[in-house]
Amino acid sequence: MPRETIAEFGLEHLQILDDTGKLDAKLEPKLDDAHLLEIYRYMMLARESDKRMLNLQRQGRIGTFGPSTGQEAIAVTTALAMNDEDWLVGAFRELGARLVRGETLLGNLLLYNGCEEGNAVLPAEKRVLPINIIVASQNLQAVGLGYAMKHQGDKGAVVSFMGDGATSEGDFHEALNFASVWRAPVIFISQNNQWAISVPREKQMHSQTIAQKGIAYDMPCIQVDGNDVLAMHVAVTEALDRAHAGEGPTLIEAVTYRLMMHTTADDPRKYRSEEEENEWWEKEPIKRFRGYLEKKGLWDDKREEALLAELKAQIDTDVKEFESRTDFKVDAPFDYVYAEEPAEIAQQRTEFLESIGKEANHG
Ligand SMILES: Cc1ncc(C[n+]2csc(CCOP(=O)(O)OP(=O)(O)O)c2C)c(N)n1
Ligand SMILES: [Mg+2]
């Protein structure tokens with residue numbers, strides 16, 4: 001028997017609005033003006049919120065957080081393409097998506113000041129899981145959700161965000177395998193921002209792309225320019241349509257760049273150059289999308305000025321409210337572990353409160 005090729009695989013890269021702002025009109029999705037303007041508004045809200053949080057952190061008014069500057073197109077475009085019945089499962093770099101789904105900057109400020117109430121304020125019907133720090137583990141929760149929904153005849157799909165580093169974890173592979181076997185309605189979106197803290201992509205994986213990892217699990221996969229709103233919209237909509245039609249999971253690699261530090265606790269100058277960052281600032285998503293809106297006659301300097309003033313007022317209100325709060329519940333983290341508190345957790349809560357009391361007495 002001669003050797004024969006039993007399978008061949010290909011992989012698409014999708015870009016519609018290129019780095020220079022040039023549009024591929026043949027691929028342009030038909031989005032109405034209101035939807036386009038909403039995408040822009042939320043991307044700007046996420047960017048301005050990041051700027052304010054960075055200032056607050058530098059002034060010691062909130063704790064550590066991870067900025068999402070540069071990655072707004074992925075989070076916002078995806079969240080605005082989703083239905084209310086879909087679940088959003090995130091990591092920690094999707095502020096724009098969380099704001100679209102109803103989280104507030106106030107909640108995030110509380111969270112980053114160490115108040116657990118900020119991480120669990122949304123009612124269950126909003127279908128958003130809290131921030132997940134354990135890299136890649138949220139993918140397993142997403143598949144569990146998707147599998148359960150399928151069994152219960154729930155119409156929604158699940159969108160699970162992660163970074164590039166997350167795809168080097170076992171949890172990522174286990175999640176994709178089970179999603180594939182069970183045909184679970186899950187869209188995995190890897191935000192390939194080129195860095196996992198100080199480790200560049202090429203030092204943590206040898207594969208040419210992240211998207212190709214979906215081929216091993218027999219699911220549709222695509223590499224998308226994650227700084228291109230239009231390409232993101234098309235790829236996410238196709239994946240959601242498949243999931244809603246019972247056709248199973250998709251893996252999307254969204255190529256982007258983490259323009260700021262990993263979190264406010266590190267200094268990128270120690271491991272990467274300013275030139276590299278500057279190159280990516282040229283390709284950042286908001287400027288590119290604004291150019292597209294301007295060419296369509298939907299945006300100009302005056303509207304930009306008005307939007308910035310409006311967002312500033314909105315952010316000021318949340319910061320003021322956040323700084324006026326004094327009623328923090330120190331044992332709040334215990335409230336969100338189980339629906340019904342097991343005896344050992346109740347005991348830990350009591351011990352914790354006693355230890356705080358002792359500290360307070362000594363203080
Ligand atoms: C299981 C696990 N290992 C290590 C860490 C520490 N850690 C937090 S974020 C991070 C890097 C994540 O990189 P990536 O997945 O690319 O996401 P990004 O931060 O770039 O958005 C690491 C190693 C963690 N939180 N969880
Ligand atoms: Mg990364």
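Predicted model: local features only at pLDDT ≥ 70, side-chain atom pairs only at ≥ 80, totals over all residues.
Now to the overall picture. The protein chain holds 13 helices and eight strands, and buried residues account for 39% of its 363 residues. Its C-alpha atoms, taken along the principal axes, fill a box of roughly 80 × 60 × 45 Å. The radius of gyration is 21 Å, and this agrees with a compact globule, because for 363 residues such a globule would have a value near 21 Å. The chain is divided into domain 1, which covers 12-20 + 28-266 + 273-328, and domain 2, which covers 336-363, and the centres of these two domains, taken over C-alpha atoms, are separated by 35 Å.

Which residues have the most contacts inside the largest nonpolar core? They are V76, V186, I187 and I252, in a core of 69 residues, and the element that gives the most to this core is helix α8, residues 229-244, with 10 residues. Apart from this core lies another, of 12 residues, and I62, L105, C115 and F322 are among them. If we stay with V186 for a moment and leave aside its neighbours within four places in sequence, we find V186 in contact with A142, V143, G146, A157, V158, S160, A179, A243 and P249.

Next comes the ligand. Ligand 1 is surrounded by 15 residues, of which the closest are V135, G163, G165, A166 and A196.

A136, although not a glycine, has a positive phi of about 80 degrees, and its place is in the loop between α4 (105-111) and α5 (138-152). Is A136 buried or exposed? A136 is buried, because 23 other C-beta atoms lie within 10 Å. The second case is I197, also a residue other than glycine, whose phi is positive and near 50 degrees. I197 is found in the loop between β5 and β6 (199-200), and I197 counts as partly exposed because it has 15 other C-beta atoms within 10 Å.

V319, in helix α11 (residues 301-324), is buried, since 20 other C-beta atoms lie within 10 Å. How far apart are V319 and M53 in space, C-alpha to C-alpha? The distance is 9.3 Å, although V319 and M53 are 266 residues apart in sequence. Leaving aside neighbours within four places in sequence, V319 is in contact with R52 and L109. The other pair begins with V181, which lies in helix α6 (residues 170-181) and counts as partly exposed because it has 13 C-beta neighbours inside 10 Å. V181 and D266 are 85 residues apart in sequence, and in space they are 40 Å apart, C-alpha to C-alpha.

Conventions. Residues numbered from 1 in each chain as written. Chains lettered and ligands numbered in written order. Near = placed C-beta within 6 Å. Domains from an automatic or database assignment. Helix = DSSP H or I, 4+ residues; strand = E, 2+ residues; numbered from the N terminus. Rg over C-alpha atoms; globule rule 2.2 N^0.38 Å. Core = buried A, V, L, I, M, F, W, Y, C linked by C-beta atoms within 7 Å. Contact = placed C-beta atoms within 7 Å.
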